[in-house]
Amino acid sequence: MSSRFLCGKNIIKKFGDTEVLHGINVDIKEGAFTVVMGSSGSGKSTLLYLLSGMDKPSSGEIFYQETKISGAAEKELTHLRASQFGFVFQRTHLIGNLTVSENIKMAGLIGGLSEKECELRTAELIQKMSLEKVEAHLPSEVSGGEAQRTAVARAVINRPALIFADEPTGALNRANSTEVLNLLTMLNKNGQTVLLVTHDRESALRGNRILYLDDGRMTGELSLSDYDGRDAEREEKLTGWLEGLGW
Ligand SMILES: Nc1ncnc2c1ncn2[C@@H]1O[C@H](COP(=O)(O)OP(=O)(O)O)[C@@H](O)[C@H]1O
Ligand SMILES: [Mg+2]
């Protein structure tokens, strides 16, 4: 394991004259399930876009292993995102005229897998994500939970080292949220690093390291034991910590 996995040093982000991130230092550990928690508008999505190379900081540096993300060319970033990173957002951004299985497979083709490998992995993911009944359906013909499970499958077909999730349960009901969180937990237990940003306590509870973002500043950090079903002690710890932060 390399000592540096994903880290940001003194990240400042301005939109016009408005500074929304005020000098963030963050170090995401390989294999961890890290959660950045903060209220709406605190800068969570902005931070996630910067860490994943989708946007550039106004100043500061971001490294992913040996790659300086903050200074990399777009071509290198595109390759990195396709081969090493997986993304799950609140909105699924599935392609409307492709079926569930085609949406998953397409991501593998873009990631450079062979046709055959894509088909194998898609079939495996359809099973793992319990999408058998809807694999031939269009996104408009599936439930919100199925659509998000499709999005998770699409995010992981290239077996990314790192999964970025931005409010992945924000548009789901309780049962579907739990399922999507279970999938992320399972992927993490299988060795994938997860970075999830959220304002949702249920989501935050899945992390083993919770960082608190308050108005563009990191103001808190909490370590929890690994999630293992619903355990009261972790929940109590998170609640106490959040109360202390004025949540
Ligand atoms: N592209 C943008 N242009 C201008 N302001 C933006 C842009 N993206 C985000 N912001 C502002 O940055 C702040 C943080 O936004 P965001 O990162 O989306 O917060 P969160 O994800 O925590 O809700 C907000 O005040 C938001 O209005
Ligand atoms: Mg957001």
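How many bridges join strand β4 (residues 59-64) to β5, and in which sense do the two strands pair? Two bridges connect β4 with β5, and the pairing is antiparallel. Strands count as paired if DSSP finds at least two bridges between them. Both helices (H or I, at least four residues) and strands (E, at least two) are DSSP runs, numbered from the N terminus. The model is a predicted one, in which local features need pLDDT of at least 70 and side-chain atom pairs count only at pLDDT 80 or more, while totals for chains, interfaces and linings use all residues. Residues are numbered from 1 along each chain as its sequence is written, and chains are lettered from A and ligands numbered from 1 in the order in which they are written.

Strand β1 includes K14. This residue is partly exposed, with 13 other C-beta atoms within 10 Å; on this scale, with C-beta atoms placed from the backbone, 20 or more make a residue buried, 12 or fewer make it exposed, and counts in between make it partly exposed. Not counting residues up to four places away in sequence, K14 touches E19 and S58, where contact means C-beta atoms, placed from the backbone, within 7 Å. K14 and S59 are 45 residues apart in sequence, yet 9.0 Å apart in space, C-alpha to C-alpha.

The shell around ligand 1 consists of F15, V20, G38, S40, G41, S42, G43, K44, S45 and T46, a residue being near if its C-beta atom, placed from the backbone, lies within 6 Å. Helix α1 gives the most to this shell, with three residues.

A second open sheet has six strands in the order β6-β7-β8-β3-β9-β10, with mixed pairing. Here β6 (85-89) and β10 (217-223) are the edge strands, each with a single partner, so one side of each is left without a neighbour in the sheet. Strand β7 (residues 162-166) pairs in the parallel sense with β8 (residues 193-198) over five bridges, and five bridges also join β7 to β6, again in parallel. F164 is bridged to L195 in β8, L162 to T193 in β8, and G86 stands opposite I163 in β7. Five of the five residues of β7 are buried, so the strand is largely enclosed by the rest of the structure. L162, F164 and D166 are buried on one side, and I163 and A165 on the other.

The largest nonpolar core holds 60 residues, of which L47, V152, I163, L184 and I210 touch the most other members. A core of this kind is a set of buried Ala, Val, Leu, Ile, Met, Phe, Trp, Tyr and Cys residues joined through C-beta atoms within 7 Å. Leaving aside neighbours within four places in sequence, L47 is in contact with L21, I24, V36, V197 and L213.

Methods. Two residues are in contact if their C-beta atoms, placed from the backbone, lie within 7 Å.
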